[in-house]
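Please keep the sequence and the structure in view while reading.

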Amino acid sequence: MRVATDIGGTFTDLVYVDEKGKIGVAKSHTTPPHFEQGVLDVMEKSGIDQTAIETFIHGTTVIINALTERKGVKTGLITTKGFRDVLEIARGNRPDLFNVRYEKPSPFVPRYLRQEVNERLNYKGDVLSPLDPEEVKEVVEYFRKEGAEAIAVAYLHSYINPVHEKKTIEVIKEVWPEAVITASHEVTKEWREYERTSTAVLNAYVKPIAASYVNRLNSKLLENKAKSQNYIMQSNGGTTTFGQAKETPINMVESGPVAGIYGAAVLGELIGEENIIAFDIGGTTAKCSLINKGEVKVSTDYYIEKNDRNAGYPIKVPVVDIVEIGNGGGSIAWIDEGGSLKVGPQSAGAVPGPVAYGQGGTEPTTTDANLLCGRLSRDNFDYSVDLESVRRAIKEKVADPFGISEEEGALGIIRIANSNMLNALKLISVRKGYNPKEFTLVAFGGGGSMHAAALAKELGVKKVVVPVASSVFSAWGMLMTDLRHDYIQTYIKRLFELEVSEFNQEWAKLEQQAFHQYKEEGVSEENILFTRFADMRYLGQEHTVKVPVPEGELTKDSLEIMTQRFHSLHEKNYTFKLEESPTEIVNLHLTALGTVQKPELPRLEVVNGTKDEALKEVRNVFYEEAGWRETQVFDRELLGPDVEIQGPAIVEEPSAATVLYPGQTLTVDAYGNLLIDTGVE
């Protein structure tokens with residue numbers, strides 16, 4: 001049996017597939033701060049035999065929460081002499097250019113815990129000044145006295161030659177064996193001093209937190225007699241072992257969300273849709289990503305807490321290109337100082353949750369608004385819902401200040417939430433030069449299907465797909481993933497000067513690293529697949545384009561193919577190309593997949609499945625333009641293949657509801673996916 005669990009801000013999801021191919025799902029409430037308890041709760045709720053689990057895959061928000069909530073450990077930083085303030089200096093490209101009160105983000109390591117030592121390499125990796133071990137010992141003793149719990153080491157040009165960083169680790173372990181250490185070359189071998197230092201610091205900052213969490217989770221699994229192979233979802237769309245996750249936890253920063261993106265790509269391949277906008281609405285956030293021609297874009301230009309007024313903190317590790325905003329089912333509606341209605345980013349979370357939960361929540365949320373508008377049924381909540389409390393909260397906090405009815409106030413909340421989500425969808429599509437009409441929207445998460453039809457119509461998307469088990473789709477995506485490691489090495493060479501034999505040797509080194517790491521993880525060579533990319537640019541440029549590199553032994557012809565691909569991709573990304581200009585390589589990027597057996601998506605069994613059999617009730621639902629309309633409500637589990645439903649309608653399942661607007665059509669495909677024709681021509 002393969003089991004995947006995904007911890008979200010409000011719910012913890014589980015999907016399993018047994019040896020007969022049967023897929024089952026479960027959902028329970030997230031249990032902060034002891035998130036591992038939520039995993040045990042959802043396992044118990046699912047009724048699975050935990051001793052039968054062969055593979056366990058886990059996605060978690062523990063790392064991103066520790067960073068955004070500043071709940072990591074006290075961390076010291078050792079740098080090359082003269083580079084103590086690289087975190088403070090950061091970059092000059094401030095996002096809010098005309099804000100005279102702009103403040104740079106505060107470093108995670110205060111200045112008194114940033115210490116320098118004498119050592120220096122040049123850009124080729126040659127030693128200019130040797131490392132002084134005695135200085136390192138003095139710095140370590142200073143950190144111990146100051147109560148530091150972790151140490152980050154980031155030296156100049158160590159991405160090309162980590163000799164001094166390795167020696168520093170040896171010295172630290174000699175004088176402080178218990179120290180938690182992160183050297184920059186262990187997490188990234190890309191250049192850019194500030195970004196590399198930031199990544200090393202953030203990894204050290206959360207490393208003890210990650211180790212504690214993974215150990216607790218592993219202990220709980222062992223207590224329940226589980227003898228599974230255990231993996232954790234990474235931000236690059238693949239999985240890694242518990243052991244590796246404890247060493248480089250920064251690779252889990254987007255652990256949960258990216259699984260759904262990858263799952264959307266797998267589903268798209270299955271149903272013949274290669275251009276997809278993956279859209280996930282959970283309890284706390286909404287996430288979206290664009291998949292073009294079946295390719296999930298992965299980038300190392302990732303930031304946390306970056307927005308139009310904050311430069312954020314760079315993390316130079318491979319992360320699926322994803323836009324995330326603070327708008328979900330639990331997002332709180334509030335009125336700002338200017339009298340405007342806002343929704344999010346504050347969230348009621350799992351505790352106390354929306355007013356509808358009856359667990360102490362007093363602020364109206366998107367979930368409460370959907371309930372009051374009839375889009376959600378009180379019968380689908382785990383709690384006994386007091387609709388009058390919901391109505392009162394929306395009346396007092398939203399409707400009365402604007403002099404409108406409770407229903408109009410609720411609809412206002414939904415409209416603002418939709419507007420926020422629409423902006424995010426435009427960021428990954430229209431603003432990057434893609435035509436939404438050429439893409440299919442795959443909607444998942446607890447709230448994805450409720451908002452998708454309206455958003456797709458406004459964005460110009462013709463088709464929406466609501467997959468089977470949509471509310472736990474990210475966990476389903478984990479079952480479809482392979483083990484994955486990315487090996488990125490800065491390698492600055494002009495193409496017209498490049499020796500092909502040397503180029504092949506560099507790729508061989510990266511491949512040997514991959515073989516060695518997978519051997520330690522128990523993956524045989526025949527199950528390892530490589531994909532190669534080169535980050536390229538025109539000579540004199542700052543930024544690069546990721547270019548696919550031909551397979552096998554490279555030749556002069558291969559370099560010509562790379563050059564032509566670069567020109568084409570550069571034109572697509574920046575609208576121009578300079579075919580007469582020389583090009584250069586900046587980074588080599590090897591993606592190594594350790595393939596595993598994946599479950600097949602079963603087709604629906606045709607037992608009954610007519611519309612009449614699936615009809616649950618008819619109730620009034622409040623729509624944006626049509627007002628209150630009598631709306632048929634269907635039970636998704638009773639809908640058979642090829643059933644067609646005309647909007648307005650609602651299709652309910654235990655933890656999600658699909659809202660179909662007037663003029664839209666829904667069809668059930670052979671696998672049970674809901675296909676919505678949005679009415680866009």
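The model is predicted, with pLDDT of at least 70 needed for local features and 80 or more for side-chain atom pairs, while totals for chains, interfaces and linings use all residues. Residues are numbered from 1 along each chain as its sequence is written, and side-chain values use heavy atoms, with hydrogens and water left out.

Student: Which element gives the most to the lining of the second largest pocket?
Tutor: On a 1 Å grid over the protein atoms alone, a pocket is an open set of points with protein on both sides within 12 Å along at least five of seven lines, a cavity is a set where a 1.4 Å probe fits but cannot get out, and lining residues have an atom within 4 Å of a point. Elements are DSSP runs numbered from the N terminus, helices being H or I of at least four residues and strands E of at least two. Among those that supply at least two residues each to this lining are α5 (163-175), α8 (242-247), β25 (483-494) and α15 (500-520). The most, six residues, comes from β25.

Student: What is the volume of the second largest pocket?
Tutor: Its lining has 36 residues, with E186, V187, Q244, T248 and Q517 nearest the centre. A volume is the space filled by probe spheres set on the grid points, which are joined across faces, edges and corners. For the second largest pocket the volume is about 910 Å³.

Student: How many polar residues does the lining of the second largest pocket have?
Tutor: Ala, Val, Leu, Ile, Met, Phe, Trp, Tyr, Cys and Pro count as nonpolar, Asp, Glu, Lys and Arg as charged, and the others, Gly among them, as polar. The lining has 11 nonpolar and 11 charged residues, and its polar residues number 14.

Student: Which element gives the most to the lining of the largest cavity?
Tutor: The model has two cavities of 30 Å³ or more, and the largest holds about 100 Å³ of space. Its lining has 14 residues, with L87, P107, F108, Y194 and Y313 nearest the centre. Two or more residues come from each of α3 (86-89) and α7 (193-223). The most, four residues, comes from α7.

Student: What is the volume of the second largest cavity?
Tutor: The residues that line the second largest cavity are R2, T55, I57, Y231, T239, T481, D482, L483 and V596. By class they are four nonpolar, three polar and two charged. The volume of this cavity is about 50 Å³.

Student: Is L578 buried or partly exposed?
Tutor: L578 lies in the loop between α16 (556-574) and β28 (583-594). Buried means under 20% relative accessible area, exposed over 50%, and partly exposed in between, with a 1.4 Å probe and protein chains only. The relative accessible area of L578 is 37%, so L578 is partly exposed.

Student: How many residues apart in sequence are the parts tied together by K432 and D321?
Tutor: A salt bridge is a side-chain nitrogen of Lys or Arg within 4 Å of a carboxyl oxygen of Asp or Glu. K432 and D321 meet in one at 2.9 Å, N to O. K432 lies in the loop between α12 (406-427) and β23 (440-444) and D321 in the loop between β19 (319-320) and β20 (323-325), so the pair ties together parts whose separation in sequence is 111 residues.

Student: Are E511 and R532 buried or exposed?
Tutor: E511 and R532 form a salt bridge, with the closest N and O atoms 3.8 Å apart. E511 is in helix α15 and R532 in strand β26 (residues 528-538), 21 residues apart. Both residues are buried.
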